[in-house]
Amino acid sequence: MLVYSLAPLVWILIASITPELRADSWSSGRTVQFFPSQPTFQNYIDLFANVPFGTYFINSTIVATGTMFVAVLTASLGAYGFVRFRFWGRRTLLFAMLMAYMVPSVVLLVPLLVIFRAYGLINTYPGLILAESTNTAPFVLLLMINYFSSLPRELEEQALVDGCSRLGALWRIVLPLAIPGLVAGGLFAFIAAWNNFLFAFLFAATDATRTLPVIMRLFALGEPAVWGISAAGAVVTTLPVALVFFLFQKMLISGLAAGAVKG
Amino acid sequence: MTDVIGSPRREFAARLRRVDPLPYFFILPIALLLAAVSFYPTLYAIWLGMTDATLLRLARAKFIGIDNVLRAFADPVFLNGLWRTLRWDIVVVGAEVAIALPIALFLNRNFFGRGFVRAAIVVPYIIPPAVTALVFVYIVDGNFGILNEILLRLGLINHYVPWLSEPTSSFFVTAGAMIWAGTPLMVIIILAALQTIPSEIYEAALVDGASSWQQFRFITWPHLLPTITFLILLRMIWMSNHIDIIYIVTRGGPGFANYTEAVYSFMLTSQFQIGYASAVAVILAIVLMAASAFYVRHLARSVLS
């Protein structure tokens, strides 16, 4: 089972340190080795030298971080509103927002493409961040609603009795308590945005703004003729997300179980 | 005689004055965001689906009503796409559940290193799908794919096979990649459901002399059934939307072999036929959202109570 899970990953790791694996069709007679006779890190160096990989990495980071902030900010405020207040239209609005989550990305591709072009948002960071928010914001909303529901009202009520304003109570009492939830939500948003391919592919197509998953596709098409470089790229692309995951495992796994639907 | 207490107009005005605007301020940011990038574009997509717009001649798009829909139902790629989407859904979700169930049952027991194994199981899900696609392309490559090497050494094939060039095998490679990446999510959710079953029930059953199989059949399975049913429904909906891995691994497959509806709409978009692409996408969306509306209503209710 572990083999099943980890095997492809181990292979790509090995591939990334294999020297000079050319995608030549006439060498089909050659056998593939399980482990290279001369492992090397040269592929990693070539990766950053031949392909503007560093730029892509930075782009991914900017977009993922931006999406994280937008999603967490809007979703946590919204979640607080939904959980702590009863107001006209509460159920309907929530239903509408969750339906927004269910809208297939396919449907949004075309209109967003047209709209972004009209507003000059193509190939810009804000544009991509906005697009990614369609997926991430509702999910974080759900997560935060779950989370806020589990926080006891008594503390806020106490603060209100003591003369605090609603906003003051939010800032001083709720916020510190909510930090674990916010962090979890933020991480999910970050991972989702980092991994996203579809929107990045359509809305950030220039070298200056391209993100990592898009490059993965080019590599899959056999772009650099040396597969070792592609493999190195795959490893570097995965590292940040893998790191985040390993550091925050417990939080992420329980968050997945609680609210993950779309993935 | 004019203003009787309780006259409707007066009551309404009074109620309006009592409405607290504060919650709406909290909702405002996310409402605006989703209105701008979800609601409005969806409406726009429906509109576009009824025009003959192309990306290059957008300004001269003509309203053509349901012509796109009629075109779709006469379009062999679209019609086959329905079957291909269904096939993709069933194969992928079926395999994911079939593999996830035993794993979840296994992880439900306490054993040394459980946390580590659980984390390792989840890894495929966290990896960017684009990377997964790349890795699988690499593994099944016709010239230096490790799969070919292994099969050769096991004596199952005589020479390297270009797996991605054949419609059937390319489908299975793509499905394999998706299953590999998607199973962990199923494991986690099934595991969470398993852990809500109190262990006393199992102990009682053991006292009554129930075998493992009987325990599974009469305790575990009925308890899991609702969760698994929901899971299958949702996962199939999500799989119908999926484009990333299919596109990167096969770009639609040799010919149209891997064109699910979502992929078809995407390909149409990249060919600039955005009116028709929108129509296909909206048709897909209507079907899927009708199916998911039940779940969303249930979710909204349970979350707000």
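**Figure 1. The helices of chain B.** Chain B of this predicted model has 13 helices and zero strands; helices (H or I, at least four residues) and strands (E, at least two) are DSSP runs, numbered from the N terminus. Along the sequence the pattern reads α-α-α-α-α-α-α-α-α-α-α-α-α. Chain B has a radius of gyration of 26 Å, well over the 19 Å that the globule rule gives for 305 residues, so chain B is more spread out than a compact globule. The radius is taken over C-alpha atoms, and the globule rule is 2.2 Å times the number of residues to the power 0.38. Taken along the principal axes, the box filled by the C-alpha atoms of chain B is roughly 100 × 70 × 30 Å. Of the 305 residues, 41% count as buried. A residue is buried if 20 or more other C-beta atoms lie within 10 Å of its own, exposed if 12 or fewer, and partly exposed in between, with C-beta atoms placed from the backbone.

Residues are numbered from 1 along each chain as its sequence is written, while chains are lettered from A and ligands numbered from 1 in the order in which they are written. As the model is predicted, local features need pLDDT of at least 70 and side-chain atom pairs count only at pLDDT 80 or more, whereas totals for chains, interfaces and linings use all residues.

**Figure 2. Confidence in chain B.** The mean pLDDT (the predictor's confidence in each residue, from 0 to 100) of chain B is 81, and 92% of its residues reach 70 or more. Within chain B, the lowest confidence is in helix α1 (residues 8–18), with a mean of 67, and the highest is in helix α4 (residues 76–107), at 88. The model scores ipTM 0.79 and pTM 0.81.

Figure 3. Asn108(B) lies in the loop between α4 and α5 (114–126). Asn108(B) counts as partly exposed, with 15 C-beta neighbours inside 10 Å. Leaving out residues up to four places away in sequence, Asn108(B) touches Leu191(B), Leu194(B) and Gln195(B); two residues are in contact if their C-beta atoms, placed from the backbone, lie within 7 Å. Between the C-alpha atoms of Asn108(B) and Ala192(B) the separation is 9.0 Å, although these residues are 84 apart along the chain.

**Figure 4. Phe272(B) and its backbone angle.** Phe272(B) sits in the loop between α12 (261–270) and α13 (274–304) of chain B. Its phi is positive, about 75°, although Phe272(B) is not a glycine. Most residues other than glycine have a negative phi. Phe272(B) is partly exposed, with 14 other C-beta atoms within 10 Å.

Figure 5. Among the buried residues of α10(A) are Leu212(A), Pro213(A), Arg217(A) and Phe219(A).

**Figure 6. The largest nonpolar core.** A nonpolar core is a set of buried Ala, Val, Leu, Ile, Met, Phe, Trp, Tyr and Cys residues joined through C-beta atoms within 7 Å. The largest one has 159 residues, of which Val140(A), Leu141(A), Met216(A), Ala133(B), Leu134(B), Val280(B) and Ala281(B) touch the most other members. Helix α8 of chain B (residues 167–194) gives the largest share of this core, 16 residues. Apart from neighbours within four places in sequence, Val140(A) is in contact with Ala71(A), Val72(A), Ala75(A), Gly185(A), Phe188(A) and Ala189(A).

**Figure 7. Ser76(A) within chain A.** Chain A has twelve helices and zero strands, and buried residues make up 47% of its 263 residues. Ser76(A) is placed in helix α3 (residues 53–84) of chain A and counts as buried, with 28 C-beta neighbours inside 10 Å. Not counting residues up to four places away in sequence, Ser76(A) touches Met144(A), Ala178(A) and Leu182(A).

**Figure 8. Where chain A touches chain B.** In chain A, 85 residues are in contact with 75 residues of chain B. The residues on this side of chain A divide into 62 nonpolar, 18 polar and five charged. Here Ala, Val, Leu, Ile, Met, Phe, Trp, Tyr, Cys and Pro count as nonpolar, Asp, Glu, Lys and Arg as charged, and the others, Gly among them, as polar.
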